[in-house]
Amino acid sequence: MKKKLLIFDLDGTIADTIWSIRDALNLALSLHGYDSRSYDEVRRAIGNGAYELVRKSLPDGAGEDRAEVLSVLADYDRLYGTTYSNVDGCYDGMMDTLISLKNKGYILAVLSNKQDAYVKKIVDLLFEDGFISYAQGQRDDLPKKPDPTAPRMIAELFAVDTDDCAFIGDSEVDVLTAKNADMTAIGCSWGYRPAESLTDADVIVNDPRELDEIFE
């Protein structure tokens, strides 16, 4: 497979960031008198932005109260600023794969439904300056994945046709994002969603190193 631009999801694709998310979420839930959530509960709740994470983590009733969700979300956003760096690095094999893809001439980008400021901070934490050519998270002025606006904007930024782009992620949201943006969908089975949720992907990979084999 020959492409020019590879756009990666962040959480569950490049790195396991759940502990950093769980730490901030549980602190926020505790402030509002709610029970903590486990790693697996947080894993199932992420993927559609921080609002949905908080909503799904609240008990029945509270999760349907928009004002309550926003109140907990405000604390989560604030507290995540103290926990976002609780990441142990990329998944095994991912860094070497990305270095190889970069050396082959691919443009590497990151697009996540995580808050934009923290996407940039985590990318800066994991990679040397300039290694990832563009990193973007959820912004008020752009719809979140699976809307195709943001990935198409990234392709346009680098003057690359969508046919020459692949979107790589671990969830059905990422696969749908790729399809909506007319990009090749690469599903990653090592992430936060079961492999059966990736069945609509053009290719499913089971190890980061397989990406280096797929892309010429």
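Author: Let us begin with a definition: Ala, Val, Leu, Ile, Met, Phe, Trp, Tyr, Cys and Pro count as nonpolar, Asp, Glu, Lys and Arg as charged, and the others, Gly among them, as polar. This is a predicted model, in which local features need pLDDT of at least 70, side-chain atom pairs count only at pLDDT 80 or more, and totals for chains, interfaces and linings use all residues. Residues are numbered from 1 along each chain as its sequence is written, and side-chain values use heavy atoms, with hydrogens and water left out.

Reader: How do the residues of the lining of the largest cavity divide into nonpolar, polar and charged?

Author: For the largest cavity, the lining divides into 6 nonpolar, 7 polar and 7 charged residues.

Reader: Which element gives the largest share of that lining?

Author: Helices (H or I, at least four residues) and strands (E, at least two) are DSSP runs, numbered from the N terminus. Two or more residues of the lining of the largest cavity come from each of α3 and β2. The largest share, 4 residues, is given by β2.

Reader: Is Ser 112 buried or exposed?

Author: Ser 112 is found in strand β2. Buried means under 20% relative accessible area, exposed over 50%, and partly exposed in between (1.4 Å probe, protein chains only). Because Ser 112 has 2% relative accessibility, it counts as buried.
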